[in-house]
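Visitor: Could we look at a structure together? I would like to ask about its aromatic rings and its pockets.

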Amino acid sequence: MDVTLHLAQEPEADELLGRSPLAALVGMLLDQQVPMEWAFAGPHTIARRLNADDLDAHEIAAYDPDAFAALLSTKPAVHRYPGSMAKRIQQLCAYLVEHYDGDPTALWEGAESGKELQRRLNDLPGFGKQKSQIFLALLGKQLGVRPSGWREAAGPYGEPDAYRSVADITGPESLQRVRAHKQQLKAAKASGG
C-alpha cells in the first residue's frame with residue numbers, strides 16, 4: 001500500500017494513511033462524531049506522539065491504557081471522545097494481534113470474495129456494517145484491493161462515480177461533492193423523506 005490519499009487534507013497525515021494500512025484502519029475507526037479530516041489526521045498525531053513514523057498494532061495493544069488515553073487526550077485531542085476512542089483503538093489493535101499477528105493487510109490478503117472481506121471487516125472492534133462497507137469501498141476504489149464481488153459487498157458505497165463517503169474523496173472537489181451528498185441526505189431525513 002503506497003498511494004496518495006486525501007482524507008485528512010494534510011499532506012503528512014495523508015501520506016501516512018496512504019502507506020500504512022493500520023493508520024487507514026484507525027482513521028476509519030475514528031471517523032464518527034468528528035469532521036472527517038480530524039478523524040483521518042488522528043493516526044498521524046498518534047504516531048508523532050509515539051515518536052514513530054508509523055503505527056504498530058503490537059505496541060498500541062500493549063500500551064498502558066491510561067497512558068494511551070492520556071496520549072490521545074493531550075491538546076489538541078485526537079478525537080472529541082479521546083478516552084473512549086483510545087480504548088477502541090487498543091481493542092482494534094489487540095484484535096489484529098490476536099487474529100492477524102498485528103498485520104492489517106492480512107485482513108484482505110487471501111479474502112476470496114468481497115463478501116468474505118466485508119465479514120472480516122465487520123468482525124473488527126468498532127466496525128459495524130456501514131463502517132465496514134465504507135472501508136471496503138475505500139480499499140477497492142483507492143487502494144487496489146478488489147476481491148471478486150467487492151463492489152456488491154460494499155453496497156451503495158461501492159458504486160462507481162458515487163460521492164457518498166471517504167471512499168470517494170480524492171481531493172478538495174470530491175470532498176465538497178461528498179459533503180453536498182451528506183447534506184442532501186440530512187435534509188431529506190429532516191423533511192421525513
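Visitor: Is F135 buried or exposed?
Guide: Please note that this is a predicted model. F135 counts as buried, because its relative accessibility is 0%, and the cut-off for buried is under 20%.

Visitor: How many aromatic pairs are there?
Guide: The count comes to three aromatic pairs. In one of them, the rings of Y63 and F68 have their centres 5.7 Å apart and their planes at 65 degrees, so this pair is edge-to-face.

Visitor: What about W108 and F135, how do their rings sit?
Guide: Their ring centres are 6.3 Å apart and the planes meet at 45 degrees, so the pair is tilted. W108 belongs to helix α7 and F135 to helix α9, so the pair ties together parts that are 27 residues apart in sequence. W108 is buried, with a relative accessible area of 10%.

Visitor: New topic: what volume does the largest pocket have?
Guide: Its volume is about 690 Å³. The largest pocket is lined by 24 residues, and D31, Q130, R164, V178 and K182 are the closest to its centre.

Visitor: Which helix gives the most to that lining?
Guide: Helix α11 gives the most, with eight residues.

Visitor: And what classes of residue line the largest pocket?
Guide: The lining has twelve nonpolar, six polar and six charged residues.

Notes:
Residues numbered from 1 in each chain as written. Predicted model: local features only at pLDDT ≥ 70, side-chain atom pairs only at ≥ 80, totals over all residues. Heavy atoms only, no water. Phe/Tyr/Trp six-rings, centres within 6.5 Å; stacked < 30°, edge-to-face > 60°. Helix = DSSP H or I, 4+ residues; strand = E, 2+ residues; numbered from the N terminus. Buried < 20%, exposed > 50% of the residue type's maximum accessible area, 1.4 Å probe, protein only. 1 Å grid on protein atoms, 1.4 Å probe; cavity = no way out; pocket = protein on both sides within 12 Å on 5 of 7 lines; lining within 4 Å. Points joined across faces, edges and corners; volume = space filled by probe spheres on them. Nonpolar A, V, L, I, M, F, W, Y, C, P; charged D, E, K, R; others polar.
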